[in-house]
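Work through the exercises below with the sequence and the model in view. Each task is followed by a solution in steps.

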Amino acid sequence: MADFNLEAMSLKELRQLQKDLAKAISTYEDRHKAEARAKLEVLAREMGYSFADLIGVEVKTTRAPAVAKYRHPENAALTWSGRGRKPQWFVAALTSGKFADDLAIG
């Protein structure tokens, strides 16, 4: 363990030491929580359960992004899946007399 002469340190050095200590404590706690979680997951698996089942946490599934259905007539990088709010370029195209089928991809 390092020996520190706190009386000889400047305020800047003391504040940096305080930040370093807070970070070290946080990472220590995170490591130990991860180790405990891993042990509990192994034990749960051995008993035929998942850890999430035992603690009642629902695992959120991620959805893949929706496939683009419409493309900007001049800028092919701008697309819209047809879900959610209509983009301004789509609304502008419709008000200028175009139809959604004109902007459809493929």
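Buried means under 20% relative accessible area, exposed over 50%, and partly exposed in between (1.4 Å probe, protein chains only). This is a predicted model, in which local features need pLDDT of at least 70, side-chain atom pairs count only at pLDDT 80 or more, and totals for chains, interfaces and linings use all residues. Residues are numbered from 1 along each chain as its sequence is written, and side-chain values use heavy atoms, with hydrogens and water left out.

**Exercise 1.** State what share of the residues in the protein is buried.

Solution. The protein has 106 residues, and buried ones make up 12% of them.

**Exercise 2.** Give the order of the elements from the N terminus on.

Solution. Helices (H or I, at least four residues) and strands (E, at least two) are DSSP runs, numbered from the N terminus. There are four helices and two strands. Their order is α-α-β-β-α-α.

**Exercise 3.** Find how far the C-alpha trace spans along its principal axes.

Solution. The spans are about 75 × 55 × 20 Å. The radius of gyration (over C-alpha atoms) is compared with a globule rule of 2.2 Å times the number of residues to the power 0.38. The protein has 28 Å, whereas a compact globule of 106 residues would have a value near 13 Å.

**Exercise 4.** Is L54 buried or exposed?

Solution. First, locate the residue: L54 lies in helix α2. Next, take its relative accessibility, 51%; L54 therefore counts as exposed.
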